Amino acid sequence: MKIVFLDRATLGFDISLEGFNKFGEVVIYDVTKPNETLTRVQDADIVVTNKVVINKDIMDNSKIKLICIAATGMNNVDLEYAKVKGIEVKNVAGYSTASVTQLTFSYVFYFIQKLNYYTSYVNKGNWQKSEIFTHIDKPFFELENKNWGIIGLGNIGENVAKIAKSFGCIVNYYSTSGNNKNTNYNQMSLEELLKTSDIVSVHCPLNNQTQNLLNKTNLNMMKNGAILMNLGRGGIINEEDLATIIDKKELYCGIDVVSKEPIEDNSPLLKVENKDRLALTPHIGWASIEARNRLINSIIKNIEDYIL
């Protein structure tokens, strides 16, 4: 049995793939360009891909039996045609809940505690020049009694809600599907949630209902000084509208996902003037060491289940 990894670099080189050797021959490619995919998977039994696209043409001209997606999202594989061809497709869910939750709170503490300002104050040599023991010129706030609005109360959203509540936050949520009936937290309309929240975190999938869900119309409803975070998918927040609004009103944003990744040179988010209001990270929310090891172990389990 031959297993081919198409984009091993996306999993990090600190994570071992030795556990796959028990299945047979393992061929590993760090990065695979679209014009290289077919040649590399042509004689593979099992293909492991994170973001490399597996389409109809590739399925028709290979002997692939199992596609393992090293992620939760499955939009890089033609699922309908895989069914037609009898190719099994397995993804991994739930491995990154703790990791994404952690980055969510990292953003919040970064902004609410004004850490960028205060560490810069010390690094510039200002503290030793002070006549008093402290420096509190940039007011910061407590999480307790703040309104935290969650867009998408799935596994990650609910984990964020639980921890926010432990800090004394008042948690509300908006269901993008309209099907979530979680009674542990108060459900609101999107408009009401944006208007009343001190903190808003996005944890929903990208689909027809959520594309440009947040835009210039409703983003302007948010409070001055509010914190907005996108840890769902790029495209849920209209990036051009967001960039414009950040420079017009006091809105603090933690953005881990963008509509085109890696981010493009002409992205409006890179042109924001008030950079202290924006924390951009390169899609790292999913990727703690523990989460990536869980991901690898789950892929191995998916292969074992297929073979058995």
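Two strands count as paired if DSSP finds at least two bridges between them. I keep that in mind for this entry, and I note that the model is predicted.

Entry 1, the sheet. I looked up strand 4 (residues 66-69) and found it joined to strand 5 by three bridges, with the two running parallel. Ile67 stands opposite Val89 of strand 5. I then traced the whole sheet: it is open, has five strands in the order 2-1-3-4-5, and its pairing is parallel. Strand 2 and strand 5 (88-90) are at the edges with a single partner strand each, so one side of each has no neighbour in the sheet. From one strand to the next, the twist averages 15°. Helix 10 (residues 289-307) packs on the sheet and touches strands 1, 3, 4 and 5. I noted an angle of about 160° between the direction of helix 10 and that of strand 4.

Entry 2, strand 1. Strand 1 is linked to strand 2 (residues 25-28) by four bridges, in parallel, and Ile3 faces Val26 across that pairing. With strand 3 (residues 46-49) I found three bridges, also parallel; here Phe5 stands opposite Val48. In a regular strand, side chains alternate between the two faces of the sheet. I checked both faces of strand 1 (residues 2-5): Lys2 and Val4 on one side are buried, and so are Ile3 and Phe5 on the other.

I found Glu239 in helix 9 (residues 239-248). A polar atom of the Glu239 side chain does lie 2.6 Å from the backbone nitrogen of Ser259. Beyond its neighbours within four places in sequence, Glu239 has contacts including Gly234, Val258 and Pro268.

Conventions
Residues are numbered from 1 along each chain as its sequence is written. This is a predicted model: local features need pLDDT of at least 70, side-chain atom pairs count only at pLDDT 80 or more; totals for chains, interfaces and linings use all residues. Side-chain values use heavy atoms; hydrogens and water are left out. A polar contact is a pair of N or O atoms within 3.5 Å; within protein, one must be able to donate a hydrogen and the other to accept it, and residues adjacent in sequence count only if both atoms are side-chain atoms. Contact means heavy atoms within 4.5 Å. Buried means under 20% relative accessible area, exposed over 50%, partly exposed in between (1.4 Å probe, protein chains only). Axes are lines fitted to C-alpha atoms, for helices over the stretch in contact, and angles run from 0 to 180 degrees between N-to-C directions.
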